Amino acid sequence: MLATLMYGPGDVRCEAVDDPKLLKPTDAIIKLSATCICGSDLWPYRGLQPTDGPAHMGHEYCGVVVEVGSEVKTVRPGQFVVGSFCISDNTCPHCRFGFHSSCVQREFMSGAQAPFARVPLADGTLVATAELPSADLIPHLLATSDVLGTGWYAADAANVGEGSTVVVVGDGAVGLMGVLAAKEMGAARIIAMSRHAARQKLATEFGATDIVAERGEEGVARIKDLTGGVGADSVLECVGTQQSMTQAIACSRPGGSIGYVGVPHGVTFEGEAMFFAQRRMLGGPAPVRRFLPDLIDRVLAGRIKPGKVFDLKLPLSEVAEGYRAMDERRAIKTLITV
Ligand SMILES: [Zn+2]
């Protein structure tokens, strides 16, 4: 089959590789219905994260099971499934506590920007739907696999609830999904920090009540203005730079919560400043598996349309252009047909 390989920064190719095979009795092989490029794929693409030779890319996936190992019990060939980018057993103490992304058997999914993929720990990782979904639902279901699940976790970690005032730092796909999540969780006010017209429009569609285009100290001052000098109850940090983290902490009120899901690159904290700031912080790779059944139900019920975040659709053969478009911010998120 053809698959996506990253040879190094800026060098993504669609090349022939061996078809995936069952390697363990707990594996499943799925035929992907669609796949996509993640904002986190841009870190190695931009040379900001070391890569080791050609990497088999892709960790967001949904599709139909074609083969399962001898120990797989809960999914079977023919079923439509969605899984998280974090492989988890769903049975260990961390999974039972809701932190599947710290599963004792954790692995990170790879190789999903391809027509077929191997999913380890299929019973714990995959969630099957009762029926095969219609084609128009595929982008929305695909979004639950990572980008929506991660935005949802940011809102959950930031304690968004009924009536909350929420600030979302970052207008990438995850930030936009954070807006959608905050809306679903009952936030009264959702302030999206964004400088790009197309992203501001989508944020508003997903539920943002205010847009702040300023950044840094000016941005924080605008948030203070909009919240009567108080700051936000909940802040979703969806970038991962020092500037965005500093901005997120400063936008929160004392006692407020920051959910941070942008993978930190070069971010440091100063202990004494954090002590006096009095902020709650929870971040990390999202335990998407915890949210998947609920998110899938919301999509199937037509309640949410997270797949609107895909504003570019390309065939697998043009995957390199999908990376370029996201790198140059010409696209928010690229859906890849396989
Ligand atoms: Zn586990």
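I began with Leu5, which stands opposite His56 of strand E4. Here strands (E, at least two residues) and helices (H or I, at least four residues) are DSSP runs, numbered from the N terminus. I count two strands as paired if DSSP finds at least two bridges between them.

The model is predicted: local features need pLDDT of at least 70, side-chain atom pairs count only at pLDDT 80 or more, and totals for chains, interfaces and linings use all residues. Residues are numbered from 1 along each chain as its sequence is written.

**E1 and its partners**

I looked up how E1 meets E4 (residues 55-56). The two run antiparallel and are joined by two bridges. E1 (residues 2-8) also pairs with E2 (residues 11-16), antiparallel, over six bridges. Ala3 stands opposite Glu15 there. I then checked the E1-E2 hairpin. Two residues lie between the strands, and Gly10 takes a positive phi near 70°.

Next I followed E12 (residues 189-193). Four of its five residues are buried, so E12 is largely enclosed by the rest of the structure. Buried means 20 or more other C-beta atoms within 10 Å of the residue's own; exposed means 12 or fewer, partly exposed in between, with C-beta atoms placed from the backbone.

E11 and E12 run parallel, joined by five bridges. Val168 has Ala192 of E12 as its bridge partner. With helix H6 (residues 173-184), E11 and E12 make a right-handed β-α-β unit. Right-handed means that, with the strands pointing away from the viewer, the path from the first strand over the helix to the second runs clockwise.

E12 and E13 (residues 210-212) are parallel too, with three bridges. Ile191 stands opposite Asp210 of E13. The chain crosses from E12 to E13 through helix H7 (residues 197-206), and this β-α-β crossover is right-handed.

**Helix H9**

I asked how many of the 10 residues of H9 (residues 242-251) are buried. Seven are, so H9 is largely enclosed by the rest of the structure. The buried ones are Ser244, Met245, Gln247, Ala248, Ile249, Ala250 and Cys251. They pack against several elements, including E11 (165-169), H8 (216-226) and E15 (252-260).

**Leu48**

Last, I checked Leu48, in the loop between H1 (42-45) and E4. Is it buried, exposed or partly exposed? Leu48 counts as partly exposed because it has 13 C-beta neighbours inside 10 Å. Leaving out residues up to four places away in sequence, Leu48 touches Trp43 and His265. Contact means C-beta atoms, placed from the backbone, within 7 Å. The C-alpha atoms of Leu48 and His265 are separated by 8.2 Å, while the residues are 217 apart along the chain.

Terms used. Contact = placed C-beta atoms within 7 Å.
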